Amino acid sequence: MQFKSDFHIYLDLNNGSINEILNYKKENKLDLVVISPPCTQESEPDKSFFAYKTQHFMAKTGFGIFLISQITSLFYDKDEELRKIFRLFIKSQLPYKKVLTPNNNISQLFFDGIKFWLWINPKIPASVNELNRIQQDSIFGLKLHASWHKLKLIDIQSILSKYQSFKPIYLILPYDKKEAQKILNFLILNDKYTFIIGYGGFPHTTMVCKAIDSATNLYVDVASFHISKSNLKKLLKVNKQKLLYATDWPYNFKQDGKFSPSKFDLRIASLGINPND
């Protein structure tokens, strides 16, 4: 698949550097790379192959998605540290701690072709106050992570009521199916904004595909390991202009321990689809 932009990567200083990002951009002849602050205080948990496959299997049914929502709600303890039992399903088994207030200070860096997502947690007043930075030239748009910060429709509505910009909004949906549908309906009605649904809409890919086909303001990325091959096939049938490349660099698609863009092409080709289509 030929692409000119990577719309979602992480600057994780425990697992990469800004110089490595610049090299990644140059080597792959990208015009634009959009960086997000990290999700955890350490490197993001590197899920095992078994963990991803289990998620893919469970996400095939409504009851499975319900179980995923219940299980993921137990991942972190009251101090937002990954519980020991769940460390068995990640490769390093380290005590990762969730970030509740994303650190957007990285957006003060300025490089040609490098932009940043302003990641806001609507439940933290200090985070909401950072919305006044949205007009900075280095900011590409707003990021909201509903499953990470346990956001509901009312939280999305609250933040948009304060959003004084038409820059795009990158949104990862909650696991709860009813809440995700309500949020999608709300996004479609607010068509003055452009929304990018992260992680292929996981675990609601079918719902997201239907929404994208009927909405002019919705886009979706297709690169996350959260997306099973069967759901990737569904995504590749929607309007190609609505599909955006996003890798979650440096976490996904590794070869010999390092991120490899060609791994995505191989994943597409394995479905019997020409990566250059």
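**Backbone geometry, helix packing and a surface patch**

Y199 is located in the loop that connects β6 and α7. In this predicted model, Y199 adopts a positive phi of about 60 degrees although it is not a glycine. With a relative accessibility of 8%, Y199 counts as buried, because the limit for burial is under 20%. The loop between β6 (195–197) and α7 also holds P203, and the peptide bond from F202 to P203 is cis, with omega near 0 degrees.

A cis peptide bond, with omega near 10 degrees, is also found from W249 to P250. P250 is placed in the loop between β8 (243–244) and β9 (254–255). A positive phi, about 55 degrees, occurs at K150, which is not a glycine. K150 belongs to the loop between β4 (139–145) and α5 (153–161).

Two packed helices are described by the angle between their axes and the distance between the axes. For helix α6 (residues 177–189) and helix α7 (residues 205–214), the axes come within 11 Å and cross at roughly 10 degrees. The two helices, α6 and α7, are therefore roughly parallel, as angles under 35 degrees are classed in this way. On the α6 side the contact involves K177, A180, Q181, L184 and I188, which meet M207, V208, A211 and S214 of α7.

On the surface, a nonpolar patch is formed by F63, F66, L67 and I71, with about 380 Å² of accessible area together. Of these residues, F63 lies in helix α3 (residues 62–72). The relative accessibility of F63 is 58%, so F63 counts as exposed, the threshold being over 50%.

Technical notes. Residues are numbered from 1 along each chain as its sequence is written. This is a predicted model: local features need pLDDT of at least 70, side-chain atom pairs count only at pLDDT 80 or more; totals for chains, interfaces and linings use all residues. Side-chain values use heavy atoms; hydrogens and water are left out. Patches are made of residues with over 30% relative accessible area and no salt bridge: like charges are joined within 9 Å, nonpolar side chains (Val, Leu, Ile, Met, Phe, Trp, Tyr) within 5 Å. Accessible areas come from the Shrake-Rupley method with a 1.4 Å probe; for residues, only the protein chains shown count as cover. A salt bridge is a side-chain nitrogen of Lys or Arg within 4 Å of a carboxyl oxygen of Asp or Glu. Helices (H or I, at least four residues) and strands (E, at least two) are DSSP runs, numbered from the N terminus. Buried means under 20% relative accessible area, exposed over 50%, partly exposed in between (1.4 Å probe, protein chains only). Axes are lines fitted to C-alpha atoms, for helices over the stretch in contact, and angles run from 0 to 180 degrees between N-to-C directions. Angles under 35 degrees count as roughly parallel, over 145 as roughly antiparallel, 65 to 115 as roughly perpendicular and the rest as oblique. Contact means heavy atoms within 4.5 Å.
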